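Student: I have not worked with this structure before. Could you take me through it?

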Amino acid sequence: MADIAKTTRQKVKRSRADQIFMFFLYLITGILTVVALYPMYFIIIASISNPSEVAAGSVVLFPVQPTLQAYQKLIDYESIWIGYRNTIIYTVLGTAMILAVNLPAAYALSRKDLVGRRLINLFFIFPMYFGGGLIPTYMVVRDFGLVDNFWVMIIPFSVITYYIIVARTFFSNSLPDGIWEAAQVDGCGNLRFFFSFVLPLSKAIIAVIALWAAVGIWNQYMTALIYLRNADLQPLQIILRSILINNQNMASMMTGSAAQEAQQLAELIKYAVIVISSLPVMMIYPFVQKYFNQGVMIGAVKG
């Protein structure tokens, strides 16, 4: 009986220690969550608050004198809808191109029987550290006739070594050699094996790379700024940049109270621009979060 009582006391003691540990764990997690989410929350409430109240620092937890003035101002710009259309097209086609180019390359490099595997790996890794620079790159893109061309946002920069390395590691560590050996017995070749076995078993890493690629293309700024001049081809980020610059210039040209109001509205539009440019990505992320977490954890455990 004494031993049973001693064991019970130890369990109660451990249970209390665990409860204290879990309390602090949840506390720290909650604090980190607030720190991470509050900036985005503040941007949302600031974008629908009175500009003067935002400038005065009165907006902290809730909107003050709610208004949709900034969004109404942005909707008046027809170029925003052109930018949205272009960015959506660039994102969809660009993501598909990145997957179509990088996944087969990653699978090929994951095969141990690939002739010249180390040399090809070096060929991909070398440009990660040593690039040709902006001017030679621009000249190459120009010589291919892609300057001020729709396809410049999709084709030239679709090979991304980091994605290839991540996918190659996944294929090497997560696909048993026995699957390939069994497929060979049934007369399956490399091409059929890739489409019939590798891709269906790699949904997690495909979702991860697709999310990375889509977010990167959606936020793409420099490529369009350098290679696109036609206003009908400009992505959303460039359009929003132009709107911000125009509003700042208009505010600087005014004087007195009108200048102050214009400056406050320009600041408010900045918050609305961030919301408009981030909202589509935030809406898509929950649908791929499961695969994203799974893919990252597989690489962390087995890599």
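**Contacts and cores**

Tutor: Let us begin with one residue. Leaving aside residues up to four places away in sequence, Asn-102 touches Ser-158, Val-159, Ile-160 and Ile-164. Please keep in mind that this is a predicted model.

Student: Where does Asn-102 lie?

Tutor: Asn-102 lies in helix H4, which covers residues 78-110.

Student: And is Asn-102 buried or exposed?

Tutor: Asn-102 is buried, because its relative accessible area is 2%, and buried means under 20%.

Student: What does the side chain of Asn-102 reach?

Tutor: That side chain reaches the backbone oxygen of Ser-158, at 2.8 Å.

Student: Let us move on to Thr-87. Which residues does Thr-87 touch?

Tutor: Thr-87, also in helix H4, touches Trp-218, Pro-235 and Leu-236, again not counting residues up to four places away in sequence. Thr-87 is buried, with a relative accessible area of 1%.

Student: New topic: how many residues has the largest nonpolar core?

Tutor: The largest nonpolar core has 39 residues, and Phe-171 and Ile-209 have the most contacts inside it. Elements giving two or more residues to this core include H4, helix H7 (161-174) and helix H10 (203-218).

Student: Which element gives the largest share?

Tutor: H4 does, with eight residues.

Student: Which residues does Ile-209 touch?

Tutor: Not counting residues up to four places away in sequence, Ile-209 touches Ile-98, Leu-99, Leu-103, Tyr-163 and Ala-167.

Student: What is in the second core?

Tutor: The second core is separate and has 21 residues, among them Ala-46, Val-54, Ile-80 and Val-275.

Note on methods: Residues are numbered from 1 along each chain as its sequence is written. This is a predicted model: local features need pLDDT of at least 70, side-chain atom pairs count only at pLDDT 80 or more; totals for chains, interfaces and linings use all residues. Side-chain values use heavy atoms; hydrogens and water are left out. Helices (H or I, at least four residues) and strands (E, at least two) are DSSP runs, numbered from the N terminus. Buried means under 20% relative accessible area, exposed over 50%, partly exposed in between (1.4 Å probe, protein chains only). A polar contact is a pair of N or O atoms within 3.5 Å; within protein, one must be able to donate a hydrogen and the other to accept it, and residues adjacent in sequence count only if both atoms are side-chain atoms. Contact means heavy atoms within 4.5 Å. A nonpolar core is a set of buried Ala, Val, Leu, Ile, Met, Phe, Trp, Tyr and Cys residues joined through side-chain atoms within 4.5 Å.
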